Amino acid sequence: MSLLLGGHSPKLFIRKPVLARACAGGSFSLVQTPPCFVSSADHRFRAGRVLVDYTYFMDNFPLWIKEVPVELVYNNEAVTTIGSSHGWVASLMHDVGTLRLHDDLKPVESNKPKLISLPPLVTVPHCQTQIITNVSLSSLSPEEEDCVVTVKFMGPKLSYCRPGNSEWFNIKIDNPSFFSSSVMFSKKHNMFCIPGAGGKLIASWDLCKDEHTPKIQVLRYHNLPELSVAEREVMDTCLTTQHLVESQSTGETFLVKCFRQTVDGGGTSLKPKAVMVFKVSANGDAFYTRDIGDLTIFISKSEPFCVRASCFIGVRPSEVYILDVDEISFFKLDDSTISTSTERVVVPYFFPPQNIEY
């Protein structure tokens, strides 16, 4: 159950997208960059600017270095990056309570980086605007005419606006199972969706119809793996997060459960222990799978996405890549093995393929 706060909103028509493949016949198309992340930054470059370079998930891809604003890499008391969607990084201006969208960190050349300011956030009763779970865009760019920006806060609040409009519209979520979850946009259904804690429910909002009471879908799990007592005991001690991922090339929807376990007494460091992937049907059936075909899933502090592995030489199919602030992990679904590389990640966002001529 949800409630629209602060008046009525205009109709938010979201145009049905046209999906295009980045490659054909398994060969890589030079139209797009491979998936990547910022691997290092030189903050000694010059005042207010840093040089960043990228690690690409493709063999022999040229080194790419960009100059970006320092606050997008090294947060401070005034500015904090709070998420990314389609390569656009969102920052929160704490003193004035506003969000801004930046394309500086996109792994493509840009002579004129774009900065889009959104209206001031609105605090509603029993909600807060300082801790944000994530940000989701309904389009590849907030400059598109029908783009809607949605912000999920920690707690019962979801806010959305259209860039260029003067106000946010706020939805209060009554069900506490969605309080700590992340929002994603389904291009297939033209809806914003949130998985509930434990992965039992999915809430979705159809803003095209100006509806603010979510549709609640109850998931029914099938083909669950048989786990030993020891495996169950380990997973019971883990922090579990749920992520909805939609494949634009195949039209499939996946629910990814990530299990992390604390490795120090203070509980500040979490190490990945397991990943489970479920293929979700339109009627709510969730089938556990160890084979997602030619797809590879990328999960980080940005909105999750997946790509066709055959489009990018070096990307391994039927795997889940997870990026955190101090490591990157690779999960092979077929045998449930994990490999981890420990390194300090200055910007914990995976960037999806970007059009080079964008």
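Two strands pair if DSSP finds at least two bridges between them. That rule applies to the first view below. The model shown in every view is predicted.

**View 1. Strands E6 and E7 form a hairpin.**
Four residues lie between the two strands. One of the turn residues is glycine 97, with a positive phi of about 65°. Strand E6 covers residues 88-93, and it pairs with E7 in the antiparallel sense. Five bridges hold this pairing.

**View 2. Strand E7 is mostly covered.**
The strand runs over residues 98-102, and five of its five residues are buried. In a regular strand the side chains alternate between the two faces of the sheet. Here Thr98, Arg100 and His102 point one way, while Leu99 and Leu101 point the other way. All of these residues are buried. E7 also pairs with strand E8, residues 115-117. This pairing is antiparallel and has three bridges. Look for histidine 102, which stands opposite leucine 115 in E8.

**View 3. Strand E12 is largely enclosed by the rest of the structure.**
Which residues make up E12? They are residues 169-173. Four of the five are buried, so the strand is largely enclosed. Strand E11, residues 157-161, is joined to E12 by four bridges. The two strands run antiparallel. Lysine 157 has lysine 172 in E12 as its bridge partner.

**View 4. Five strands make an open sheet with mixed pairing.**
The order of the strands is E17-E21-E20-E19-E18. Which strands stand at the edges? They are E17 (220-222) and E18 (239-246). Each has a single partner strand, so one side of each is left without a neighbour in the sheet. Neighbouring strands of this sheet are turned by 30° against each other on average, direction ignored. Follow E20 (residues 270-280) to E21 (residues 285-289): these two pair in the antiparallel sense over four bridges. Valine 277 has threonine 289 in E21 as its bridge partner.

**View 5. Phenylalanine 254 sits in strand E19.**
E19 spans residues 253-262. Is phenylalanine 254 buried or exposed? Its relative accessibility is 0%, so phenylalanine 254 counts as buried. Phenylalanine 254 and lysine 279 are 25 residues apart in sequence. In space they are 4.6 Å apart, C-alpha to C-alpha. Leaving out residues up to four places away in sequence, phenylalanine 254 touches residues including His243, Leu244, Val245, Val277, Phe278 and Lys279. Ile292, Leu295 and Ile297 are also among them.

**View 6. Threonine 33 lies in a loop.**
The loop runs between strand E1 (2-5) and strand E2 (36-46). Threonine 33 is buried, with a relative accessible area of 0%. What does threonine 33 touch, not counting residues up to four places away in sequence? Among its contacts are Tyr56, Phe61, Pro107, Val108 and Phe312. Pro352, Pro353, Gln354 and Ile356 also touch threonine 33.

**View 7. Aromatic rings link into a cluster.**
Its members are Phe37, Phe57, Phe298, Phe305, Tyr321, Phe330 and Phe350, linked by ring pairs. The count for the model comes to 16 aromatic pairs. One of them joins phenylalanine 298 and phenylalanine 305. This pair is stacked, at 5.0 Å centre to centre, with 10° between the planes. Both phenylalanine 298 and phenylalanine 305 are buried. Now find phenylalanine 330. Arginine 316 lies over its face, at 5.0 Å from the ring centre.

**View 8. The largest nonpolar core has 33 residues.**
In soluble globular proteins, nonpolar side chains tend to be buried together. In this core, the residues with the most contacts inside it are Val52, Tyr54, Phe57, Leu105, Phe298, Val315 and Phe350. Which elements give two or more residues to this core? They are E2, E3 (49-56), E23 (305-308), E24 (319-324) and E25 (327-332).

**View 9. The whole protein has one helix and 26 strands.**
Buried residues make up 54% of its 358 residues. Take the contacts between residues at least 6 apart in sequence: 51% of these join residues at least 24 apart.

Definitions and conventions
Residues are numbered from 1 along each chain as its sequence is written. This is a predicted model: local features need pLDDT of at least 70, side-chain atom pairs count only at pLDDT 80 or more; totals for chains, interfaces and linings use all residues. Side-chain values use heavy atoms; hydrogens and water are left out. Buried means under 20% relative accessible area, exposed over 50%, partly exposed in between (1.4 Å probe, protein chains only). Contact means heavy atoms within 4.5 Å. Axes are lines fitted to C-alpha atoms, for helices over the stretch in contact, and angles run from 0 to 180 degrees between N-to-C directions. Rings of Phe, Tyr and Trp (its six-membered ring) pair if their centres lie within 6.5 Å; planes under 30 degrees apart count as stacked, over 60 as edge-to-face and the rest as tilted. A charge sits over a ring if NZ of Lys or CZ of Arg is within 6 Å of the ring centre and within 35 degrees of the ring normal. A nonpolar core is a set of buried Ala, Val, Leu, Ile, Met, Phe, Trp, Tyr and Cys residues joined through side-chain atoms within 4.5 Å.
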